[in-house]
Amino acid sequence: MTFSAADHAAMAQALRLAARGLNTTTPNPRVGCVIVRDGLVVAEGWHERAGEPHAEILALAAAGERARGATAYVTLEPCSHFGRTPPCADALIDAGVARVVAAMGDPNPLVSGRGMERLRASGIVAELGLLESEAQELNIGFVSRMSRGRPWLRLKAAASLDGKTALANGVSQWITGAEARRDGHAWRARACAVLTGIGTVREDDPRLNVRDVACERQPLKILIDARLEISPQARLLENGGCLIVTATDDPAKSARLRDLGAELLVLPNATGKVDLPRLMRELGERGFNEIHVEAGLKLNGSLLRENCVDEILLYIAPMLVGDQAQGLFNLPALTSLAGATKLHIRDLRQIGSDFRIIARPGVQ
């Protein structure tokens with residue numbers, strides 16, 4: 001299928017609109033819509049929050065009668081089912097648009113091709129695949145949840161040039177500069193939840209909230225604490241909104257933590273630790289699209305070993321701190337490089353005085 005330069009420009013604008021909902025649409029996908037008639041943009045819209053009108057509905061409302069005979073560019077296949085809102089496919093049909101171009105199909109089994117089929121059945125020209133990879137990246141967590149039943153897990157770490165995250169005595173503030181830390185908070189803001197381990201809570205007593213960027217929705221805080229060792233005074237427990245995942249069924253400790261507003265989830269594996277793959281499935285069932293991890297080398301290593309990591313977000317500072325400092329990942333020793341975890345570099349750029357690497361396991 002061949003798309004024109006004008007088609008590309010309109011869809012690129014729809015993607016920019018969709019990105020405005022980067023931090024707010026969860027558990028829904030980020031979607032933008034542009035309506036063009038006679039070569040001119042007559043209306044735009046983007047989905048802002050779950051339960052509120054979808055991008056197509058907002059754009060059609062802004063277009064009014066100008067939508068009749070127009071082309072609607074939408075970053076995700078229009079929905080064809082009744083959820084919190086009516087089907088967008090029906091709204092496009094009722095508005096009399098002549099053509100719909102969707103960047104990608106909807107991975108939601110409730111839609112998955114049915115939206116485009118309904119449009120075509122009504123006589124609308126419905127085309128799919130324009131800037132598809134860009135649309136999939138924008139909704140990588142939603143795609144993961146719908147296609148794999150688990151969220152997209154992004155592991156964030158900051159290290160010195162020699163790969164160390166903290167001194168031997170645990171001091172780690174601050175390895176990276178203010179710009180890199182602010183960028184890290186932007187990644188927190190887009191996530192459905194921020195996950196850490198009990199070691200990080202003991203060492204750093206983090207709050208794990210979004211502070212350095214504007215954010216109207218704080219992600220859920222998730223703590224991996226196999227033996228329920230968290231102190232009731234930990235800052236992570238402030239203001240509620242914390243899920244503690246444990247391998248220990250301790251009614252007294254659990255009751256005290258629930259009194260502080262925490263939710264307890266007991267998921268032991270065969271070795272008495274938290275079953276991390278099972279946790280990923282549980283979070284998928286709860287509607288989580290993206291999980292942002294900020295933890296220490298032990299949990300980082302466990303997540304990698306159990307194939308839970310989809311992406312590594314690594315900030316590298318221009319400093320050397322020595323061999324005795326703490327590393328990034330607790331992984332088993334290798335006897336051959338053939339056993340190394342291969343990574344595909346997706347992005348590399350300078351953030352302030354530091355460098356940011358985005359990499360994914362597996363050679364692509």
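Which order do the five strands of the open sheet have? The order is E2-E1-E3-E4-E5, with mixed pairing. The model is predicted: local features require pLDDT of at least 70 and side-chain atom pairs pLDDT 80 or more, whereas totals for chains, interfaces and linings use all residues. Residues are numbered from 1 along each chain as its sequence is written, and side-chain values use heavy atoms, without hydrogens and water.

View 1. Strands E2 (40-46) and E5 (125-128) form the edges, each pairing on one side only. Strands are DSSP runs of at least two residues and helices (H or I) of at least four, numbered from the N terminus; two strands pair if DSSP finds at least two bridges between them.

**View 2. Parallel pairing of strands E3 and E4.** E3 (residues 71-74) and E4 (residues 99-102) are joined over four bridges. Thr71 has Arg99 of E4 as its bridge partner.

View 3. Arg188 lies in helix H7 (residues 178-190), and Glu294 in the loop between strand E11 (290-293) and helix H11 (297-305). Arg188 is buried at 7% relative accessible area (buried: under 20%; exposed: over 50%; partly exposed in between; 1.4 Å probe, protein chains only). Glu294 is likewise buried, at 13%. Beyond four places in sequence, the contacts of Glu294 (heavy atoms within 4.5 Å) include Lys156, Arg188 and Leu208.
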